[in-house]
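Okay, thanks for coming, everyone.

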Amino acid sequence: MVQISLPKNSKVVKGKLYKDKTGSKQLKKVNVYRWDPSVGGNPRIDTYEVDMKNCQSKVLDVLNKIKNEIDPSLAYRRSCAHGVCGSCAMNMNGKNGLACTKPHEEIKGDLNIYPLPHLKVVKDLIGDLTTLYKQYESVEPWLKTSKKDDNKENLQSKKEREKLDGLYECIMCACCSTSCPSYWWNGDKYLGPAVLLQAYRWIEDSRDEDKKERLKKVADELKLYRCHTIMNCTNSCPKGLNPAKAIASIKKMLATT
Ligand code: SF4
Ligand code: SF4
Ligand code: FES
């Protein structure tokens with residue numbers, strides 16, 4: 001019989017309970033994944049009792065309240081607080097999303113916060129996106145054109161510009177890629193939905209002169225065809241984009257050109 005054992009220190013254990021000190025009648029239990037490489041050991045779930053009466057509306061506000069008023073050691077990424085930079089992507093009660101746009105009122109009962117799934121953890125809620133950014137770089141996400149006159153606009157028709165709708169809005173938050181089972185198991189080879197959507201954004205740009213090369217670059221059994229149209233990616237995009245459709249469009253282009 002096959003015996004499967006978890007790697008050492010992978011079991012998540014119960015952590016500290018931070019009891020409310022405000023006497024608030026409106027408390028929410030917030031369970032947060034914690035792991036500190038400088039301490040090592042098993043990851044743990046710390047529980048914070050948070051006074052929701054004096055807390056603003058988003059999950060990021062809850063985390064900021066914990067960090068500012070209860071436990072300054074908690075680590076997470078955030079910057080814009082307006083759903084623009086993508087840095088506060090995390091898993092909230094089983095679903096990937098942006099902490100700064102997710103209303104905590106939508107989550108009934110305890111709030112459970114984890115880093116994005118299947119990434120190496122740098123610290124607490126911070127996932128390691130090194131591989132994803134290398135993959136992003138590999139699709140050369142910039143305009144390639146022989147036009148040299150910087151003083152002249154590079155025009156598109158209205159129709160050409162519309163083709164970029166649903167693509168240019170991507171903020172590279174990685175919610176989609178880290179919810180994709182194919183990316184979980186083959187993340188070192190399969191480019192994943194975020195990077196493929198970005199690749200398609202440049203393939204579809206009428207001003208770009210490298211379309212053929214771009215298509216050739218992604219036409220690979222592992223880089224592209226590991227997508228099995230499971231659609232988790234599209235379900236998890238906080239910007240309402242459809243990376244599964246972008247991937248299907250690349251496949252269609254390759255089949256018809
Ligand atoms: S549709 Fe493709 S990219 Fe999206 S979750 Fe499924 S396998 Fe992953
Ligand atoms: S497609 Fe959506 S989920 Fe994926 S990286 Fe872009 S914004 Fe984030
Ligand atoms: S902090 Fe920028 S998207 Fe949430």
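Let me start with a term: I say a charge sits over a ring if NZ of Lys or CZ of Arg is within 6 Å of the ring centre and within 35 degrees of the ring normal. Keep in mind that this is a predicted model. With that rule, the charged end of R201 sits over the ring of W202, 3.7 Å from its centre. There's another case with R78, whose charged end sits over the ring of Y76 at 4.6 Å from the centre.

Now, rings with rings. You describe a pair of aromatic rings by the distance of the centres and the angle of the planes. We count four aromatic pairs here. Take Y18 and Y48: their centres are 4.6 Å apart and their planes at 20 degrees, so that one is stacked. The pair links distant parts of the chain, with Y18 in strand β1 and Y48 in strand β3, 30 residues apart. And are those two buried or exposed? Y18 is buried at 16% relative accessibility, and Y48 is buried at 0%.

Then there's Y33 with Y114, which is tilted: 5.9 Å centre to centre, 45 degrees between the planes. Y33 is in strand β2 and Y114 in strand β6, so this pair ties together parts 81 residues apart in sequence. Y33 counts as buried, at 11%, while Y114 is partly exposed, at 34%.

Last stop, ligand 2. The space it takes is the largest cavity. Around ligand 2 you'll find, among others, C170, M172, C237 and K239. By class, that shell has ten nonpolar, no polar and one charged residues.

Notes: Residues numbered from 1 in each chain as written. Chains lettered and ligands numbered in written order. Predicted model: local features only at pLDDT ≥ 70, side-chain atom pairs only at ≥ 80, totals over all residues. Heavy atoms only, no water. Near = heavy atom within 4 Å. 1 Å grid on protein atoms, 1.4 Å probe; cavity = no way out; pocket = protein on both sides within 12 Å on 5 of 7 lines; lining within 4 Å. Sits in = over half its atoms within 2 Å of the grid points. Nonpolar A, V, L, I, M, F, W, Y, C, P; charged D, E, K, R; others polar. Phe/Tyr/Trp six-rings, centres within 6.5 Å; stacked < 30°, edge-to-face > 60°. Helix = DSSP H or I, 4+ residues; strand = E, 2+ residues; numbered from the N terminus. Buried < 20%, exposed > 50% of the residue type's maximum accessible area, 1.4 Å probe, protein only.
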